[in-house]
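Reader: Please show me the model, and let us then go through the terms applied to it.

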Amino acid sequence: GHCRLLCKPSALAQHLVRSLGRSAALRGGHWLWPCWPRLQMLWQLLQPPEPEPVVARELLQLSDAGLVALDWLVGPWGAAGGGGRVSSPVLLLIPNAAGKVTGGLLQLGLRALERGFIPVIFNRRGHNGCPLTTPRLQPFGDPGDLREAVTYLRCRHPCASLLAVSEGSGSGLLLAYLGESGSSSRLAAAACLSPIFRGRDWFEARMPWLYEWPLLLHLKQGLSRYAGALAEVVDTDRLLGSRSLRELEETLFCRTRSRPTSWESYWERNEPLRDADEAAVPVLCLCSADDPVRGPPARSLPRELFRSSPYFFLLLTPHGGHCGFPRRGPGRCWAHEAVLEYFRAMAEFLRTEERRKGLPRPR
């Protein structure tokens, strides 16, 4: 499929090249209109998954009394986790920064469920119907809430491997978590679909209106439910009157009534790659050169990071749009198959290394 893997040479990289090279996902058919990435993006946002998954919601109370929601995919087959065993890997799905759970993300969860994973969607405070119990939302690259959710998943599934996949701008949260946590992330591997690597540049450059306005309206609709509570900390009239994602982000997190801060200081604390050198978990980033949301590859892809870090792998394809990666036939998105093949290859490599070194499996 004309994909290229950019990474630092290593034994893990060689194993990954062999595994992905054998995968049928990267040799699958393409759409008849691969050069129209914006139409691909619209199709991906509007197309519902088939079949529609059944979700069981669990609310997790955080240390400051805030709530996040964990949505466990339990079917349409009726058995939680697709009948997975106690040791079945848990796959944490992270939606985009607006909290919109797309049909593509649900489709990935269904594919994982069929293969024996236990998929669960992480919903931030106030997103996707999660109650907002504190007048505080989660900044773009603040991994504090995600860290507590991962700790809970580790306690609930102590014998299982924890994996994570993020979609679009939600990758800023996952990348920030991996950098801040380092070797203590509790994750075995991670993957990012069409990630946003440079948060500030992305907000300032703006996106095509076809993508920005639906996300902006989606965010405003969710925030309007909590306008009374948020009025204590932000100017809600300005917030709900925002005409861009940057204006909304700045009003919500920089122009607060109690602790106002500058746009520059906000991004010093929330850039996704601020601690990327500390990451100690393999991360596969699937990117398309024609992604209309991330922007041109020359200024939006940190190629040097993939050349220098042994943990970051960039799978770059010429066509695929934003989180689209379309193909004909069942599944519709070849990136989902590539991600699941990547996780299988990672587990195989780790088992081989444990046997070679004679290391006991962690309890």
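Reader: Why is phenylalanine 306 called buried in this predicted model?

Author: Phenylalanine 306 has a relative accessible area of 0%, and buried means under 20%, exposed over 50% and partly exposed in between, with a 1.4 Å probe and protein chains only; phenylalanine 306 is therefore buried. Phenylalanine 197, with 1%, is buried as well.

Reader: How are the values and numbering to be read?

Author: The model is predicted, so local features need pLDDT of at least 70 and side-chain atom pairs pLDDT 80 or more, whereas totals for chains, interfaces and linings use all residues. Residues are numbered from 1 along each chain as its sequence is written, and side-chain values use heavy atoms, without hydrogens and water.

Reader: What makes the pair of phenylalanine 253 and tyrosine 266 stacked?

Author: Rings of Phe, Tyr and Trp (its six-membered ring) pair if their centres lie within 6.5 Å; planes under 30 degrees apart are stacked, over 60 edge-to-face and the rest tilted. Here the centres are 5.8 Å apart and the planes lie at 15°, so the pair is stacked. Both residues are buried, and they belong to one aromatic cluster that includes Phe140 and Trp202.

Reader: How do you know that a charge sits over the ring of tryptophan 72?

Author: The criterion is NZ of Lys or CZ of Arg within 6 Å of the ring centre and within 35 degrees of the ring normal. The charged end of arginine 156 sits over that ring, 4.4 Å from its centre.
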